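Could you walk me through this model in my viewer? I would like to know what to select at each stop and what I will find there.

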Amino acid sequence: MAIITATESPTVRLIDPDAELEFDPDEVYSGPSKSQQKREVEALQDLGEILVKLPAAQFKRIELPETLRIAVADCRKITQNGALRRQKQYIGKLMRGIDPAPIQAQLDVFNGVSVAENAKFHQAEKWRDKLIADNEALTLFLNAHPDADATHLRQLIRNARDEAARSKPPKAFREIFRVIREALEKN
């Protein structure tokens, strides 16, 4: 038995001395690792679980392939834990065959995560505050949005100012916001 000291290094023999020169790392890569694939599958199952938990009104509005829609509808009816787990796995399997990006985008819109939706929301809030604070803002709003009903808006602005002065619930305040949102969506 040979003892190797710290100053000596064992010699490594290569069977083929040119083997290192022929190595190409791009040829070795065969796709994502099993761990990455598993994370992707679990993410799709989680997305399917979100679909299962959606309120009925939102579930009806979301666009899904028919097989996935049926599987999610069936899953909403199941109460037993084992059957529920298997159905969620089946939903995940179905989701592997489709592009989840449009579904995620629709869910983001429902949750108000969409950047465009947030921008519209903030713009409507600013218009509402301007309309209540300044009489000339109504003219600016009507010039920008000619389809809006001027008479109805004037009445709502008067009511909102009255509500604020009397410390009443902000019914007209909310209605102004709704009218503004509708006008912004038309343009």
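Of the chain's 187 residues, 27% count as buried.

Next, color by confidence, since this is a predicted model. The average pLDDT of the protein chain is 83, with 82% of the residues scoring at least 70. Select residues 19–22, helix 1, to see the element with the lowest mean pLDDT, 56; then jump to residues 66–77, helix 5, where the mean is the highest, at 93. Where pLDDT is low, the predicted coordinates should not be read in detail.

Now switch to a cartoon view. You will find eleven helices and zero strands. If you display contacts between residues with a separation of 6 or more, 53% of them join residues 24 or more positions apart.

For the last stop, select helix 8 (residues 115–133) together with helix 11 (residues 171–186). How do these two helices cross? Their axes come within 9 Å, at an angle of roughly 125 degrees. Helix 8 and helix 11 are therefore oblique to each other, and the crossing is right-handed.

Finally, show the side chains where they meet. On the helix 8 side, look for residues including Phe121, Trp127, Leu131 and Ile132; helix 11 contributes, among others, Phe173, Ile176, Phe177, Ile180 and Leu184.

Definitions and conventions:
Residues are numbered from 1 along each chain as its sequence is written. This is a predicted model: local features need pLDDT of at least 70, side-chain atom pairs count only at pLDDT 80 or more; totals for chains, interfaces and linings use all residues. Side-chain values use heavy atoms; hydrogens and water are left out. pLDDT is the predictor's confidence in each residue, from 0 to 100. Helices (H or I, at least four residues) and strands (E, at least two) are DSSP runs, numbered from the N terminus. Buried means under 20% relative accessible area, exposed over 50%, partly exposed in between (1.4 Å probe, protein chains only). Contact means heavy atoms within 4.5 Å. Axes are lines fitted to C-alpha atoms, for helices over the stretch in contact, and angles run from 0 to 180 degrees between N-to-C directions. Angles under 35 degrees count as roughly parallel, over 145 as roughly antiparallel, 65 to 115 as roughly perpendicular and the rest as oblique. A crossing is left-handed if the near helix is turned anticlockwise from the far one by less than a right angle, and right-handed if clockwise.
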